[in-house]
Amino acid sequence: MSAAALKASGLGLSRNETGIRFPHAEEATALEDLQQRVEAALKNGGWDEPWRVHDLEELSPAEMTYLVEKGLMSPGFADGTGEGRGFAVYGDEVASLEIGGGDHLRLLGFRTGDELSVLWSLLSQLDDRLEGTINYAFDPCWGYLTSHPEQAGTGLRIYATLHVPTLMLTGRLASIALELVASGMGLSPLWGGAGGIIQVSNRGRQGKPEIETIQEIEDISRDIVEKERSVRKMFMRENPIQVRDHIGRAIGLAQHAWNMSFPECVNLLSAAEVGLELGLVDVPGLVGQAAFDAMRRLQPAHVVMEHMEAKQSGLESPEIDQVRARMLREIFAGARVLS
Amino acid sequence: MFADESPEWNLDFDNSDTCEECGEVGAVIHLLRVENGSVSHIRLCQKCAENLAGRTEGMALVLAVPAIVGRVGKAKEKGETGPSPVPTSDSQVCTVCGTTLADVKETGMVGCSVCYQVFGDHLRNVVQGGEEPPAHLGKVPRQGSASDIHRREVMRLQRMLRELVECERFEEAASVRDRLSELERAAPGGSV
Ligand SMILES: [Zn+2]
Ligand SMILES: [Zn+2]
């Protein structure tokens, strides 16, 4: 099977400045000063690509959610409040920086496919440059310091996005989760569990070099995806009618629905991808990574920002589900179930 | 597009660490699951978690994290029963940021980088179960002194050497050993 194990790669790199309190304990003036110094450094030249500094006050809820959906902003930061918070996007949305969230600085990187190592080298470079402005809080034993001592260390959170609907539906994910936890990893749903899309992530303190933890997560991810594929084949052998029925119904719904919620849409795309990998369906609109890309594009704020006239209509608009259904029909135009 | 870790996923529900299945103290794992669209949470010991994992047909388990995450604040009991606790008073304070040991125990958070020294014993006790934290072998700030960076590189290579020898990759081990002796010759301020 040649398809990549990781549907998407994400990294978050936390850093704090020494000499001032961590954000939750610091006063507004000191945090605002930090924000201004960092933003000035971002605006000054000398970066390989330009930073775009956003004013958080001016972002509409849809724009904010759009950033979260793209992996440029963490959900926790989007929900946060307080003084001295800033946000900037690097280059053509290849990375971003949260200022004054849970940590003074948090660099983020997200992209589709198996790209963890590439992302790490990019974030590490940006980190080196930021160090010219910020004197990092660091201890030779603990590593990079944060307000949460159990997270001190490399400051690196690694997120591998996997597509494992069969493991999830059959409950096999539970035992995998236990193995993960035993090795200091965690597992969480990306979209409330829809479509069997999960993220595997490192948890807690690790003294290991970053690249070793990345390697470990990649290996674990590949093992999990291997299991998923073998369970799919087993299911197909033992319950071919049930599998074909499930996938065939998904194709039918995707081709004919006029109202489509995001979770249902992810479930349908997920089923279609399983059908493609088992050779049960032909969907010209979906090739390679495209099923996951389609899921990304069909998220609520993506639909609003990219496909609707009234961008301020909000994320509650019933029109979103209608536009999504239309887009889904277009993706599945020409799709057919093979016999 | 990072999985949400809002408070409801952060599992900081109460101070108990008893297993909800068998009632034994020492729950080590939190499981969140989605059943018919609603999220439920359960805190379990390893044994019960394994039993549960064996009978989850039809249930979508969606999140599992070690219970230690986010438990720094609850280490009061643990600290008192832990190995050779250093006598400290809750009124002990970090004069740089004003955080007291009582604050750290209450919130699980420290206020500034100096807190790591002031409350070092407590933090080691809670985060590392009283043991020395594993040596930090990851990236270090560039502004660290040359000897710091050198020392770290030597530690990294020594560990690599140990691991290569353990799995009998002697050829690679030899080249790491060469690199180590080079480094030791070049050590700033003499031997390592
Ligand atoms: Zn139990
Ligand atoms: Zn302090």
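User: What is the relative accessibility of Asp121(B), and how does Asp121(B) count on that basis?
Analyst: In this predicted model, Asp121(B) has a relative accessibility of 37%, so it counts as partly exposed.

User: Which residue forms a salt bridge with Asp121(B)?
Analyst: The partner is Arg124(B), and the closest N and O atoms of the pair are 3.3 Å apart.

User: Where do Arg124(B) and Asp121(B) lie?
Analyst: Both belong to helix α5 of chain B, where they are three residues apart, or about one turn of the helix.

User: And what about the exposure of Arg124(B)?
Analyst: Arg124(B) is partly exposed, with a relative accessible area of 23%.

User: Which parts does the pair Glu277(A) and Arg232(A) tie together?
Analyst: The side chains of these two residues meet in a salt bridge of 2.7 Å, N to O. Glu277(A) is in helix α9 (residues 262-277) of chain A and Arg232(A) is in helix α7 (residues 210-238) of chain A, so the pair ties together parts that are 45 residues apart in sequence.

User: Is Arg232(A) buried or exposed?
Analyst: Arg232(A) is buried, with a relative accessible area of 5%. Glu277(A), at 23% relative accessibility, counts as partly exposed.

User: Back to chain B. Which residue forms a salt bridge with Arg169(B)?
Analyst: Arg169(B) pairs with Glu172(B), and their closest N and O atoms are 2.7 Å apart. Arg169(B) counts as partly exposed at 40% relative accessibility, and Glu172(B) is partly exposed as well, with a relative accessible area of 38%.

User: What is the phi of Glu168(B)?
Analyst: Glu168(B) has a positive phi of about 55°, although it is not a glycine. Glu168(B) sits in the loop between α6 and α7 (170-185) of chain B. Its relative accessible area is 58%, so Glu168(B) is exposed.

User: And what is the phi of Glu93(A)?
Analyst: Glu93(A) is not a glycine, yet its phi is positive, at about 60°. Glu93(A) is found in the loop between β3 (86-90) and β4 (95-99) of chain A, and at 36% relative accessibility Glu93(A) counts as partly exposed.

User: Now the interface. How many residues of chain B are in contact with chain A?
Analyst: On the chain B side there are 54 residues, in contact with 75 residues of chain A. The two chains bury about 5,300 Å² between them, 61% of it on carbon and sulfur atoms.

User: Which residues in chain B lose the most area to chain A?
Analyst: They are Met1(B), Phe2(B) and Lys139(B), which together account for 20% of what that side buries.

User: How many salt bridges and polar contacts are found across that interface?
Analyst: The rule finds three salt bridges. It also finds 10 residue pairs in polar contact, with both residues at pLDDT 80 or more.

User: Which elements give two or more residues to the side of chain B that touches chain A?
Analyst: They are β1 (29-35), α1 (46-54), β3 (60-66), α5 (120-127) and α6 (146-166) of chain B. Strand β3(B) gives the most, with seven residues. By class, this side has 32 nonpolar, 10 polar and 12 charged residues.

User: Which residue does the side chain of Lys139(B) meet in a salt bridge?
Analyst: Lys139(B) meets Asp127(A), at 2.7 Å from N to O. Both residues belong to a network of salt bridges that also links Arg15(A), Asp128(A) and Arg142(B).

User: One last topic: why is strand β10 of chain A largely enclosed?
Analyst: Six of the six residues of β10 (residues 197-202) are buried, so the strand is largely enclosed by the rest of the structure. Ile197(A), Gln199(A) and Ser201(A) point one way, whereas Ile198(A), Val200(A) and Asn202(A) point the other way. In a regular strand the side chains alternate between the two faces of the sheet.

Definitions and conventions:
Residues numbered from 1 in each chain as written. Chains lettered and ligands numbered in written order. Predicted model: local features only at pLDDT ≥ 70, side-chain atom pairs only at ≥ 80, totals over all residues. Heavy atoms only, no water. Buried < 20%, exposed > 50% of the residue type's maximum accessible area, 1.4 Å probe, protein only. Helix = DSSP H or I, 4+ residues; strand = E, 2+ residues; numbered from the N terminus. Contact = heavy atoms within 4.5 Å. Buried area = accessible area lost by both parts, 1.4 Å probe. Salt bridge = Lys/Arg side-chain N within 4 Å of Asp/Glu carboxyl O. Polar contact = N/O pair within 3.5 Å; in protein donor to acceptor, adjacent residues only side chain to side chain. Nonpolar A, V, L, I, M, F, W, Y, C, P; charged D, E, K, R; others polar.
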